[in-house]
Amino acid sequence: MASIGKLIYTYSTAYLLMNYITFAHIHDMRFKDIPNLTCLQNRIDNLIEQKQLHFFGVAICNLHHFSLINRKVGQERGTALLENYLLGLEEIVTQSSVEWEKGIVASFGADTFAVLFHKSIQPFVVNYLSGAELPVTLENGEKELINIVSRSGMNLNLNEFKNSFEVLDSVSMALNIARRREGVKVIFYDETLKDIMNEDFVTCNVNDDQEAVANDFKRYDLNAMAVVNKENKIVGVITI
């Protein structure tokens, strides 16, 4: 059976290298200073252990029509633009002088990322995700402001979750809904979403057959699915 390993690599960063390269274990390999999914999971699990997660909100986000921006400015400039966008968001969520209150921005690969933030700065986070203008120098030397908009699944009620997997699954569900609703930028996970969620989270294993994964995307009408390893840890995200 065909492995989905190649598919995972297409839609996310090189998570399979995490066991061999220390840097790759906590960073998206495209960027110098942007953490990855593993780093975010560790932070969430630590906050749960310290009983501090209820002070935070979390969102998984997808850049709206970023492929069109990439086509316009070129792949290299597009990657630099994305990094600057994520660093701008990171500046917002790490502004607290209290260390444990600082949030984190983590890249999932491609144009999908997550943000953990203290609830006190939620309006600033939502405002940034709704539209941020960043300068870029085009190939002809002209400078232009590019407006970057994210669609997000967000959860501000994290009291009941027992681990980072459950937290990220909740916002993945919300993001899937946001991506299907034209004009909607943020969907909040709430009791309505909780009621319709599968008790068994919809995920795929790193060694699952591609056709089976594709069938699950159709069956559950998904735009994104978490990829887990044999320890049931999320190691990547497939988006369509």
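How many bridges join strand β1 to strand β6, and in which sense do the two run? The views below, taken from a predicted model, begin with that strand.

**View 1. Strand β1 is buried along its length.** Strand β1 covers residues 56–63. Eight of its eight residues are buried, so the strand is largely enclosed by the rest of the structure. F56, V58, I60 and N62 point one way. G57, A59, C61 and L63 point the other way. In a regular strand the side chains alternate between the two faces of the sheet.

**View 2. Strand β1 pairs with β6 and with β3.** Six bridges join β1 to β6, residues 150–155, and the two run antiparallel. Here L63 stands opposite S150 of β6. Strand β3, residues 112–118, also pairs with β1 in the antiparallel sense, over seven bridges. V58 has L116 of β3 as its bridge partner.

**View 3. Helix α7 is capped by N163.** Helix α7 spans residues 164–180, 17 residues in total. From first C-alpha to last it reaches 25 Å, close to the 24 Å expected at 1.5 Å a residue. At the N-terminal end, a side-chain oxygen of N163 lies 3.1 Å from the backbone nitrogen of F165. Of the 17 residues of α7, 14 are buried, so the helix is largely enclosed by the rest of the structure.

**View 4. Cysteines C61 and C204 are buried.** C61 has 0% relative accessibility. It belongs to the β1 group that includes G57, A59 and L63. C204 has 2% relative accessibility. Buried means under 20%, so C61 and C204 both count as buried. A search of the whole structure finds zero disulfides.

Notes: Residues numbered from 1 in each chain as written. Predicted model: local features only at pLDDT ≥ 70, side-chain atom pairs only at ≥ 80, totals over all residues. Heavy atoms only, no water. Buried < 20%, exposed > 50% of the residue type's maximum accessible area, 1.4 Å probe, protein only. Helix = DSSP H or I, 4+ residues; strand = E, 2+ residues; numbered from the N terminus. Pairing = 2+ DSSP bridges. Expected span 1.5 Å × (residues − 1). Polar contact = N/O pair within 3.5 Å; in protein donor to acceptor, adjacent residues only side chain to side chain. Disulfide = S-S within 2.5 Å.
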